[in-house]
2 protein chains.
Amino acid sequence: MTTHFEVLSASSEALARCGRIHTPHGVIDTPAFCPVGTLGSVKGMAPDDLEGLGVQMMLSNAYHLYLRPGHRFIEKRGGLHNFIGWDHPILTDSGGYQIFSLNKLTKISEEGAAFQSHIDGSRHFISPEKAIEIESSLGADIIMAFDECLPYASDYKRTAASVDRTLRWAKRSKSAHLNKKQSLYGIVQGGFFPDLRKVGVEGLLEIGFDGYAIGGLSVGEPQDEMLEVLEQVVPTLPSDKTVYLMGVGRPEDLVEAVWRGVDLFDCVLPTRHARTGSLFTARGEINIKNSRYKEDDQPLDSDCACYTCRHFSRAYLRHLFIAKEILAIRLNTLHNLYYYLALMSGLRQAIKDLTLSRFRKTFYELRNTASPLS
Amino acid sequence: MTTHFEVLSASSEALARCGRIHTPHGVIDTPAFCPVGTLGSVKGMAPDDLEGLGVQMMLSNAYHLYLRPGHRFIEKRGGLHNFIGWDHPILTDSGGYQIFSLNKLTKISEEGAAFQSHIDGSRHFISPEKAIEIESSLGADIIMAFDECLPYASDYKRTAASVDRTLRWAKRSKSAHLNKKQSLYGIVQGGFFPDLRKVGVEGLLEIGFDGYAIGGLSVGEPQDEMLEVLEQVVPTLPSDKTVYLMGVGRPEDLVEAVWRGVDLFDCVLPTRHARTGSLFTARGEINIKNSRYKEDDQPLDSDCACYTCRHFSRAYLRHLFIAKEILAIRLNTLHNLYYYLALMSGLRQAIKDLTLSRFRKTFYELRNTASPLS
């Protein structure tokens, strides 16, 4: 069965909705958050950890896996699912974002992007066709068209040219997409210019994709600018297709984006923050390194039911982190991912119960911050 | 209930025996291997991982925990079991080995050992009384007397003086041992001189301990020298007390030491080797970094039922290790500890079945090496 999206229920107060993405490797309940397994593992987490957390889909990076260990290598190992022991849905991005963010010497032509590996400086060229070939070899359930990503505050002229190129690349990505077991999503670009986002949406709709992603956000802009883009773009996308906000974001970004109709997210934030000791709680983020937690025998978050919070004190978590014990990363990551997944689960339930507005209010009350644009 | 030892069955062919150590936190089936949680965590393993592996007791280091986060600190947190979330037996060593191996500027007097912290250079003094105070604060089920550890190939005169001092320290350790919920084990020293080992044993027996450890081995000597010490010492220890071989060792050391009547082991080898990619299999050790495993789709050890071997290929494990993914350490550690625990379980079963000789023969046949001193 190929991947398709099913809308189950919608909020009465907002564009938020619950749905299900059906894929050859299982179902994803939306709105959903995907942890990032850059190199074929969500850092510190084995597949059974992710299953225990209720993760339904992970994201992996075509760019990173192309460089190391190689997409053909993974194809010979039976594809990414088999290679990494994850028998559930996987989404791969096309590498566009990484090529433009990790490589200073990237040269773009109409044909594609020439770049040097951030690992060994070796030279590579990725075209839309090559990106789809890589993603086909990896064999993810959902794959992304190849796009150009601009830095924040790029000017109008550059952004306009980039949107047009991204659309031509989207068309070539679609033509190269032969493995119909994989869903292909297009990526809306256009920076922070409403008319260019409109061009981005209309161009993609003309080509036609299995789902639509919004790219070029969470690149350093204030949250209100990101939300304005969502408010403009989401209502113009087909309501029977998944809306995926790439690389976002903080808990408050997820709440606001779900409110505005986004179905799918990925972000390195919970896993990366775990490795720096930044831990998410209903009352905001805390850094476990802080000396105020040295003799704190309370759990990290007394309202949290994760393995870490059920078994360990802040004092122990701080000791592990300060002593550079590997277990610190594991326990912190388990907690942060649990927090993100519980947040998504809470959002889904609130949409079904038609109580999203109250959920959102409580979310900000607990954090003692005001809701943005509310 | 205080800790005590119960012999269940003995081998008909050797000094090997099965037993049970009863402690306030549960039972340890012997011969047993204890993973090492230097700083209050077995590196990369959460308590539920260790439980899943069947670990019955872990070892922790009084020296390391005294320096960081401090024994009084841990006592205030309800003791080590509570602090680290491990509700099963713990053994702490007294710090003797670490003080003499990690610190070049250690100064020994009759009173104790003055040393500088290997972390920040701060000055400390640990006497037998202080060591027992630290271990009492930590609250392990089994604690060790304070001893002096000599480097390999120390001469007769130095070793003789050290054995005498270790015995005087053992007596002071015993006098300082007031918390009778904790078992106190004495440590036999004496290097590689049979008459000095005899002095070490007789002196300890005169004082009387809940169990007897053999120290000063696995310090760089060839295996046959270690086994000669065991062959001399073990038969002279009381048969109703645990015999603990400290800091040992490789799989073949465990097999030979069990054969010679040792009940208890601890060693950093399986966990440390995991972090360098050295993995134990029934057919010997392999290093997963090796390029021969690059395209090897077989499990690490097809005879192994651990989580790692049931789910992943050598090619994936090598990829994770080469890419420096944290998951590599976790999967490697799970495997190596599983190997050690399965080896101990196999030895226990063979003793009960009176088939230890055959077990030992098969062990060497699979590795394609000869049994030492057989």
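Two strands pair if DSSP finds at least two bridges between them, and the helices (H or I, at least four residues) and strands (E, at least two) named below are DSSP runs, numbered from the N terminus. I note that this is a predicted model, in which local features need pLDDT of at least 70 and side-chain atom pairs count only at pLDDT 80 or more, while totals for chains, interfaces and linings use all residues. Residues are numbered from 1 along each chain as its sequence is written, with chains lettered from A and ligands numbered from 1 in the order in which they are written.

**Entry: the parallel sheet of chain B**

I began with the open sheet of eight strands in chain B, whose pairing is parallel and whose order I wrote down as 4-14-13-12-11-10-6-5. Strand 4 (32-34) and strand 5 (58-61) of chain B stand at its edges, and because each has a single partner strand, one side of each is left without a neighbour in the sheet. From one strand to the next the twist averages 25 degrees. I then looked up one pairing within it: strand 13 (residues 242-245) and strand 14 (residues 264-266) of chain B run in the parallel sense over two bridges, and Leu245(B) has Phe265(B) in strand 14 of chain B as its bridge partner.

**Entry: antiparallel strands of chain B**

I found an open sheet of three strands in chain B, with the order 7-8-9 and antiparallel pairing, in which strand 7 (107-108) and strand 9 (123-126) of chain B are the edge strands and pair on one side only. Strand 8 (residues 113-116) of chain B joins strand 9 of chain B through four bridges in the antiparallel sense, and here I noted His124(B), in strand 9 of chain B, as the bridge partner of Phe115(B). These two strands of chain B form a hairpin with six residues between them, and in the turn Gly121(B) has a positive phi of about 75 degrees.

I also looked up strand 15 (residues 278-281) and strand 16 (residues 284-287) of chain B, which pair in the antiparallel sense over four bridges. Ser278(B) stands opposite Asn287(B) in strand 16 of chain B, and the hairpin that strands 15 and 16 of chain B form has two residues between them.

**Entry: two helix pairs**

For the angles, axes are lines fitted to C-alpha atoms, for helices over the stretch in contact, and angles run from 0 to 180 degrees between N-to-C directions. In chain B, the axes of helix 7 (residues 156-176) and helix 8 (residues 194-207) come within 10 Å and cross at roughly 15 degrees, which makes helix 7 of chain B roughly parallel to helix 8 of chain B (under 35 degrees counts as roughly parallel, over 145 as roughly antiparallel, 65 to 115 as roughly perpendicular, the rest as oblique). Among the contacting residues (C-beta atoms, placed from the backbone, within 7 Å) I noted Val163(B) and Leu167(B) of helix 7 of chain B, and Val199(B) and Leu204(B) of helix 8 of chain B.

Pro128(A), Glu129(A), Ala131(A) and Ile132(A) in helix 6 of chain A meet Trp169(A), Arg172(A), Ser173(A) and Ala176(A) in helix 7 of chain A.

**Entry: how chains A and B are related**

I read that a rotation of 180 degrees, with 0.0 Å of shift along its axis, superposes chain B on chain A with an RMSD of 0.0 Å (least squares on the C-alpha atoms of residues with pLDDT of at least 70 in both). That is the relation of a two-fold axis. The same surface serves both copies, since 97% of the contact residues of chain B recur in chain A. Of the residues of chain B, Ile326(B) comes closest to the rotation axis, at 4.1 Å (C-alpha).

Technical notes. Contact = placed C-beta atoms within 7 Å.
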